[in-house]
Amino acid sequence: MEQKHIYLIGFMGAGKSTVAKALAKKTGLPVMEMDDIIASRAGMPIREIFATQGEGAFRKEEAALLAEIADGEPAIVSCGGGLIKREDNISVMHSSGTVVCLTASPETILSRVAGDSSRPLLQGKKDIASIAAMIAERVPLYERAYDFSVKVDGRTPEKIADSILAALQQKDRRM
Ligand code: S3P
């Protein structure tokens, strides 16, 4: 089967954007950074969209953008961490590409998001217990969504990208 999009999903701070860039370099495919596209179209950062229009409005934009990307040229798609909250989004990804989940320990996540104020859902929750609880709540959704998952703790974006490409090749061989 022809490989279409590679969707990178996973919790905030798991490294989707960085790994997407490494994959783009290795494959020559363009990167679609969903949060950046939504923010640029709205003319305001994500945290302001949440503050002024609410999470519901953001999720609607996110779903609309996903549908648009799914119909477009093959790309590495760096998804927002909460994209999988809508069941429809999972179906759209499955019918248009392969879904790869990056998983990281709460410690890794915390070290990456500690000084960051751009993610509204992490405000006031930058501690191991809160992050672990949020990850635990999301895990069933990520598990429903992904074709395979890759652990990122202590590994470079290049190594992670290589693992993903190797797994994709294996998957293609089985089809
Ligand atoms: C969110 C993740 C963020 C962004 C928004 C909501 C989430 O994207 O879409 O703040 O619900 O997990 P990143 O995963 O790229 O940080």
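## Close-up views of a predicted model

**View 1. Helix α3 bends by about 120° at Q53 in this predicted model.** The helix has 26 residues, yet its end C-alpha atoms are only 24 Å apart. A straight helix at 1.5 Å a residue would reach 38 Å. Buried positions of α3 are I46, I49, F50, F58, R59, E62, A63, L65, L66, I69 and A70. These residues pack against the strands β1, β2 (31-33) and β3 (76-78), and against the helices α2, α4 and α6.

**View 2. F50 and F58 form a tilted aromatic pair.** The ring centres lie 5.0 Å from each other, with 40° between the planes. The structure holds one aromatic pair. F50 counts as buried because its relative accessibility, 14%, falls under the 20% limit. F58 also counts as buried, at 3% relative accessibility. Both residues are among the buried residues of α3.

**View 3. E62 is a buried residue of helix α3.** Its relative accessible area is 1%. Leaving aside neighbours within four places in sequence, E62 is in contact with M34, I38, G80, G82 and L83.

**View 4. A39 is found in helix α2, residues 34-42.** This alanine is buried, with a relative accessible area of 16%. Not counting residues up to four places away in sequence, A39 touches M44, P45, I46 and I49. Of these contacts, I46 and I49 belong to the buried residues of α3. A39 and A64 are 25 residues apart along the chain, and their C-alpha atoms are separated by 14 Å.

**View 5. Helix α6 covers residues 128-145 and bends by about 40° at R138.** A proline, P140, follows the bend within four residues. At 1.5 Å a residue, the 18 residues of α6 should span 26 Å, and the end C-alpha atoms are 25 Å apart, which agrees. At the start of the helix, a side-chain oxygen of D127 reaches to within 3.3 Å of the backbone nitrogen of A129.

**View 6. The buried residues of α6 are S130, I131, M134, I135, R138, Y142 and A145.** An α-helix has 3.6 residues a turn, so residues three or four places apart point the same way. The buried residues of α6 pack against β1 (5-10), α3 (46-71), α4 (87-94), β4 (97-103) and α5 (106-113). R138, where the helix bends, is itself one of the buried residues.

**View 7. The largest nonpolar core has 54 residues.** Those with the most contacts inside this core are L8, I9, F11, M93 and I164. Helix α3 gives the most to the core, with eight residues. In soluble globular proteins, nonpolar side chains tend to be buried together. Apart from neighbours within four places in sequence, I164 is in contact with L8, V19, L23, V100, L102, F148 and V150.

**View 8. A161 lies in helix α7, residues 157-174.** A161 is buried, with a relative accessible area of 0%. Its contacts, leaving aside neighbours within four places in sequence, are A22, L23 and K26. A161 and A24 are 137 residues apart in sequence and 9.2 Å apart in space, C-alpha to C-alpha. L23 is in contact with A161 and also with I164.

Note on methods: Residues are numbered from 1 along each chain as its sequence is written. This is a predicted model: local features need pLDDT of at least 70, side-chain atom pairs count only at pLDDT 80 or more; totals for chains, interfaces and linings use all residues. Side-chain values use heavy atoms; hydrogens and water are left out. Helices (H or I, at least four residues) and strands (E, at least two) are DSSP runs, numbered from the N terminus. The expected span of a helix is 1.5 Å times one less than its number of residues. The bend at a residue is the angle between axes fitted to the seven residues ending there and the seven starting there. Buried means under 20% relative accessible area, exposed over 50%, partly exposed in between (1.4 Å probe, protein chains only). Contact means heavy atoms within 4.5 Å. A polar contact is a pair of N or O atoms within 3.5 Å; within protein, one must be able to donate a hydrogen and the other to accept it, and residues adjacent in sequence count only if both atoms are side-chain atoms. A nonpolar core is a set of buried Ala, Val, Leu, Ile, Met, Phe, Trp, Tyr and Cys residues joined through side-chain atoms within 4.5 Å. Rings of Phe, Tyr and Trp (its six-membered ring) pair if their centres lie within 6.5 Å; planes under 30 degrees apart count as stacked, over 60 as edge-to-face and the rest as tilted.
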